[in-house]
Amino acid sequence: MRTLIIGGGITGLAAAWELSLAGRQTVLIEEQPSLGGVIQTEVVDGCVIEGGPDSFLSAKPAGEELARELGLGADLIGSLDQQRVTYLVRNGRLVPMPDGLFMMVPTRILPMAASPLLSWSTKIRMGLEIFRRPGPPQPDRSVAAFIEDHYGREAVDYLAEPLLAGVYGGSADRLSVDSVLARFVELERRYGSLTRGVLAARRAARARGAESGPLFRTLRNGLAQLTAELERRIRPHCRIVQARAERVERPGSQWLVRLGGETIEADNLILACQAWQAGALLRAVDQRLASELEAIPYTSSITLALGYRREDCGPIPPGFGFLVPARERRTLVACTFVGAKFPHRVPDTHVVLRCFLGGSGGESVLEQGDEDLIRAVRAELKQLLGWDSEPRFTRLRRWRRAMAQYEVGHARRIAAIRELAARHPGLQLAGNAYDGIGVPDCIRTGRAAARALASPR
């Protein structure tokens, strides 16, 4: 039986790898000239520059497991968590996040009290939240409504919003707490207080003897090391077609995919592309399923790396980087100090600032030219860091409609999509649109889709 995969990012590559292990014939279709999707790495002046994601969460095992399975275990590196200070912009200057914050949940009194990040009224409210008791079950809410209910609006504006903009490229006023912060929803249900719940979870982890490894993992030579190895491994078992899939049909028991002048036939189909692309392809097969897929919103973003000789730079604050809350935002959403986050990424002679732009409410930046964007970012960096110099190199990537948004009601929509897709034998959906946006989630859903098709029926 032959399986057709549409989408040659990490999701489609992981699916093709899983099918190759099962000895299945596979055809992988990707419209871009190279595989890997948003995972794009290059080395400039000895600096490892990521055009898309730079790492994955250690707590989600699928990424590390796949790397080790492919023989890349020796190249796995962890984030330098001893240097993990994150700054937030408040009144035009960088303010470190207080020690003891677990995302936006405070767990230590003194660092929060001493921080200039939040007002005293918010600090007092955060302290009193520990006395909150469990209430009745709540329907899905926005992250903003959930955090405001516990800690007040200022905690939304200067903690929840910038953190979620940096991770999801989304709006706290629209993102679903059930889909984005499910762990916090469970803690609220059990304890009432998020602070008390996080402290209890930490005590339980210590009692189990759970090891606390690095927060993030990546590969020494960049995440494209993973996608390149996947491509090398699958090529003997998989036909790779670099063309745009235009239409999917199912006139009988077979799936037909039309691309240019060719039609490819297969028994099974994995759509490992963006949900809006999957919806457009499926219109002739199932209009309702197509509509549900196309209704999942997406945001667009830009990554901009600025590389400097260290001797040309002023001081860089110790830490991983900074986030810019929407109330303070002009162009920059976030900035990572690459050399401080991971070892072996930037030589001692260089400094790399990796900047993020766009996302929900800021997508108009994608219409600006490269030089205008670089000029605007440098002006903001000068204000925040206190210096400006000519970068030795710049690398800018534009990612249009690349980040799925899990807005309120997302879980209901995904349940409907899965029910509709199940009516079409041999069809699987995978990627960042369904139940996880990170690299490990894409790997997990791609491999699960392949296993579902490869297992005996």
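Helices α12 and α15 are roughly antiparallel to each other, a label given to angles over 145 degrees. The model is predicted, so local features need pLDDT of at least 70 and side-chain atom pairs count only at pLDDT 80 or more, whereas totals for chains, interfaces and linings use all residues. Residues are numbered from 1 along each chain as its sequence is written, and side-chain values use heavy atoms, without hydrogens and water.

The axes of α12 (residues 287-294) and α15 (residues 410-421) come within 10 Å and cross at roughly 150 degrees; this crossing is left-handed. From α12, Arg 288, Leu 289, Glu 292 and Leu 293 make the contact, and from α15, Arg 413, Ala 416, Ile 417, Leu 420 and Ala 421. Contact here means heavy atoms within 4.5 Å.

Helix α4 (residues 120-128) has Thr 122, Lys 123 and Met 126 as its buried residues. Seen down the axis of α4, these fall within an arc of 100 degrees and so line one face of the helix. They pack against β10 (105-106), α3 (109-114), α5 (143-151) and α6 (153-168). Trp 120, Ser 121, Ile 124 and Leu 128, on the other side of α4, are exposed. Buried means under 20% relative accessible area, and exposed over 50% (1.4 Å probe, protein chains only).

Definitions and conventions: Helix = DSSP H or I, 4+ residues; strand = E, 2+ residues; numbered from the N terminus. Arc of directions from axis to C-beta. Axes fitted to C-alpha atoms, helices over the stretch in contact; angles between N-to-C directions. Parallel < 35°, antiparallel > 145°, perpendicular 65-115°, else oblique. Left-handed = near helix turned anticlockwise from the far one by under 90°.
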